[in-house]
Amino acid sequence: MDTPSPAPARGPFITLEGPDGSGKSSLLPRLAALLRERGLDVVTTREPGSTPLGERIRSILLDTEPRIDHTGRADALLFAAARTQHVHEVIRPALARGAIVLCDRYADSSMAYQGAGSQIPLDEVRTLQQFATGGLWPDLTILLDLPVEAGLARKRDEVTRFEAYHDLAYHERVRAAFLAFAAAEPARYAVVDATRNPDAVLAASATALDRLADRWPALRG
Ligand code: TYD
């Protein structure tokens, strides 16, 4: 007879990742609503930001004005500082009470943007993530993938430093890195084709949640 696996001591941690304009921010509330309809406790959050310190760092990182120089390493440290505070104030407490945490971008974004995009050695960026998060990695990462130019075209109206001052080659490295991470960790990553319509993207993302149902049966659709 199968022994039921012990109930996990915390809620599942799910991140959404993808190149700019991949539609994460519109998917996130819809995915949360779908889970809440089932009576589940869901916390939605995003990076960089979501804490008072994180929001101040967010404006240093993303505002196009004033135009000041940032090295990739300075960016990596600023994102990491915001992430530390986010893990401490928001993510760990929510997971500890058993909530599902749905987070728009996390450590994999630093690996893709600062690592592959700004060409900082990946092992160094990974070590920094380990330090910043105390080793908290997502249980599931949904990667919304689409061609770089399609994503940037969608975001033309709300441009951050990352769209304004990084060239196409930078964004191509980011996309390729995300796909490489997904290939290297197929159990954690679910790749969703973000060129499809929003309903199809939502349905594919909801299906991906089933992967966690062994540990969190409430996630079975
Ligand atoms: P945002 O407007 O929130 O973009 P999106 O809707 O595409 O997530 O801007 C976040 C930008 O910051 C985005 O270009 C990716 C970048 N970023 C990093 O470079 N490293 C990181 O660790 C994170 C979290 C984001």
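This is a short tour of the structure above, one selection at a time.

Before you start, note that residues are numbered from 1 along each chain as its sequence is written. The model is predicted, so local features need pLDDT of at least 70 and side-chain atom pairs count only at pLDDT 80 or more, while totals for chains, interfaces and linings use all residues; side-chain values use heavy atoms, with hydrogens and water left out.

**Stop 1: the ligand**

The shell has 16 residues, and the closest are Asp20, Lys24, Arg105, Ser110 and Gln114 (a residue belongs here if one of its heavy atoms lies within 4 Å of the molecule). By type, the shell divides into four nonpolar, five polar and seven charged residues. Here Ala, Val, Leu, Ile, Met, Phe, Trp, Tyr, Cys and Pro count as nonpolar, Asp, Glu, Lys and Arg as charged, and the others, Gly among them, as polar.

A polar side-chain atom of Asp20 lies 2.7 Å from an oxygen atom of the ligand. For Arg83, an N or O atom of the side chain is 2.9 Å from a ligand oxygen, and for Arg58 the distance is 3.1 Å. How much of the ligand's own accessible area of 550 Å² does the protein cover? It covers 94% (areas come from the Shrake-Rupley method with a 1.4 Å probe; for residues, only the protein chains shown count as cover).

Next, colour the helices. Helix 1 (24-37), helix 2 (52-62), helix 3 (72-96) and helix 4 (107-117) each give two or more residues to the shell. Helix 4 provides the largest share, four residues. Helices (H or I, at least four residues) and strands (E, at least two) are DSSP runs, numbered from the N terminus.

**Stop 2**

Go to Arg105, one of the closest residues to the ligand. Arg105 lies in the loop between strand 3 (100-104) and helix 4, and its phi is near 75°, a positive value in a residue other than glycine. Most residues other than glycine have a negative phi. Then pick Gln119, in the loop between helix 4 and helix 5 (122-133), where phi is near 60°, again positive.

Is Arg105 buried or exposed? Arg105 is buried, with a relative accessible area of 12%, whereas Gln119 counts as exposed at 58%. Buried means under 20% relative accessible area, exposed over 50%, and partly exposed in between (1.4 Å probe, protein chains only).

**Stop 3: two cis peptide bonds**

Most peptide bonds are trans. Select Glu47 and Pro48 to find a cis bond, with omega about -10°. Pro48 is in the loop between strand 2 (42-46) and helix 2. Then move to Glu65 and Pro66, where the bond is cis too, with omega near -5°. Pro66 sits in the loop between helix 2 and helix 3.

**Stop 4: Asp139**

Select Asp139, in the loop between helix 5 and strand 4 (140-145). Asp139 is buried, at 10% relative accessible area. Which side chains does Asp139 contact? Arg10 makes a polar contact of 3.0 Å with Asp139, and Arg215 makes one of 3.5 Å. A polar contact is a pair of N or O atoms within 3.5 Å; within protein, one must be able to donate a hydrogen and the other to accept it, and residues adjacent in sequence count only if both atoms are side-chain atoms.

**Stop 5: Ala206**

Finish in helix 9 (residues 198-209), where you will find Ala206. Ala206 counts as buried, at 14% relative accessibility.
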